[in-house]
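Dear colleague,

Please have the sequence and the model open side by side as you read.

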Amino acid sequence: MSLSPRQHWIGVLARALRSELIPHEAALRDADYQLIRAPEIGMTLVRGRMGGNGAPFNVGEMSVTRCVVRLADGRTGYSYLAGRDKVHAELAALADAHLQSAQPSQWLSDLIDALANAQARRRAQKEADTAATKVEFFTLVRGEN
Amino acid sequence: MNAQLLQPAFVDPVLDAQRSFRAALKALAEPGLIQPLSTAPHLEGLAPATYALCLGLLDADTPLWLAPGFDTPLIRANLAFHCGCPLAVRREDAVFALLGEHDLLDLSGFDHGNDRYPDQSCTLLVQLSDLDSGRGLNWSGPGIQAGRQVNLPLPQAFWLERLRREAFPRGLDVLFCAGHHLLGLPRSTRIAEECA
């Protein structure tokens, strides 16, 4: 399944750490904007499929924060992210709105690529740490005879 | 949905929605008394009280029937975004209906509930220009101690239409809105001839 560029950056913004977005806060807020839906916290039900293709079942509920902003020129930015961080939700929605401009290249290179690289590094680090704990199981021959 | 049309709704979504729900409860508990709703947002085409009721009452489980006069892209987009309510094509499917003063002469099709579940009837939200410029009628019934004079600017044909659809406990509950005020007319209220 291929993602559209917007799906990609919305995902990157949702997975980013708050501390990574705060340095861009001044640039993101440097525009006239209004909150269409102020940041709000709610619950959503996570559903899963056993093995990825079994019957759907309810895994559990998780908290989600969402926000919608609109810039003065009409671009509307959305954000949905896991957790309860309203500042993060507002900044992510603002970034989504800025990225919808005719030339999003500057925002893409400044913000999204850096965030995506940091996330890839974290993921690789975590996978390496996890891989180091891998245990090879083998079956002991039981003394039957 | 066109994102350009979206506008902010309640300033404080939780408390403002509770205020409008409370106003709707009071309006139906004390029929004919005008209830103020001061913290209502504005949306082109809807009175603040009407919009506040929509935001407080509608959600994904309540199909709404829109009268043609209210069926604008702006209202559709904002109700879909802030309430998430489906829009009913047929009157029979609606749990709430949004009507103007010109839609009151034909109330056919709306769900009146059934004898076992009269609460499942359709609730009508009616937007008027004001709530006190009509001729006075004497209301009585539950929630009214001695009788109350109400001056809704409604045609006689509406009262006949309401009477025709009354089969207690089945019936239609109506909430009238104008500006920042609303007024309830539950199915249990009896309307007598005009006051002297």
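A crossing of two helices is called left-handed if the near helix is turned anticlockwise from the far one by less than a right angle, and right-handed if it is turned clockwise. Please keep in mind that this is a predicted model.

With that definition in hand, I begin with chain A, where helix H1 (residues 5-15) and helix H5 (residues 105-131) cross in the left-handed sense. Their axes come within 10 Å and cross at roughly 60°, and H1(A) and H5(A) are therefore oblique to each other. On the H1(A) side the contact is formed by Trp9(A), Val12(A) and Arg15(A), and on the H5(A) side by Ile112(A), Leu115(A), Ala116(A) and Gln119(A). Sorted by class, these residues comprise 5 nonpolar, 1 polar and 1 charged.

H1(A) also meets helix H4 (residues 86-99) of chain A, with the two axes coming within 10 Å and crossing at roughly 155°, an angle that makes H1(A) roughly antiparallel to H4(A). Here the crossing is right-handed. H1(A) contributes Trp9(A), Ile10(A), Leu13(A) and Ala14(A), while H4(A) contributes Ala92(A), Ala95(A), Asp96(A) and Leu99(A). This contact holds 7 nonpolar residues and 1 charged residue, with no polar ones. When you inspect the two contacts, you will find Trp9(A) listed in the one with H5(A) and again in the one with H4(A).

Turning to chain B, the model has 4 helices and 9 strands there, and from the N terminus on the elements follow the order α-β-α-β-α-β-β-β-β-α-β-β-β. The C-alpha trace of chain B spans about 50 × 35 × 30 Å along its principal axes. For its 196 residues a compact globule would have a radius of gyration near 16 Å, and the 16 Å found for chain B agrees with that. Buried residues account for 35% of the 196 residues in chain B. Of the contacts in chain B with a separation of 6 or more, 72% are between residues 24 or more positions apart.

Within chain B, helix H1 (residues 13-29) and helix H2 (residues 48-57) have axes that come within 8 Å and cross at roughly 105°, which makes H1(B) roughly perpendicular to H2(B). The residues that make this contact are Ala17(B), Ser20(B), Phe21(B) and Ala24(B) from H1(B), together with Ala52(B), Leu53(B), Leu55(B), Gly56(B) and Leu57(B) from H2(B). They divide into 7 nonpolar and 2 polar residues, with no charged ones.

One peptide bond in chain B deserves a separate look. The bond that joins Phe168(B) and Pro169(B), however, is cis, with omega at about 10°. Pro169(B) lies in the loop between helix H4 (156-164) and strand S7 (173-178) of chain B.

Finally, how many residues of chain B are in contact with chain A? There are 6, and they are in contact with 7 residues of chain A. The side of chain B that touches chain A is made up of 4 nonpolar and 2 polar residues, and no charged residues are part of it.

Conventions: Residues numbered from 1 in each chain as written. Chains lettered and ligands numbered in written order. Predicted model: local features only at pLDDT ≥ 70, side-chain atom pairs only at ≥ 80, totals over all residues. Rg over C-alpha atoms; globule rule 2.2 N^0.38 Å. Buried ≥ 20, exposed ≤ 12 C-beta atoms within 10 Å, placed from the backbone. Nonpolar A, V, L, I, M, F, W, Y, C, P; charged D, E, K, R; others polar. Axes fitted to C-alpha atoms, helices over the stretch in contact; angles between N-to-C directions. Parallel < 35°, antiparallel > 145°, perpendicular 65-115°, else oblique.
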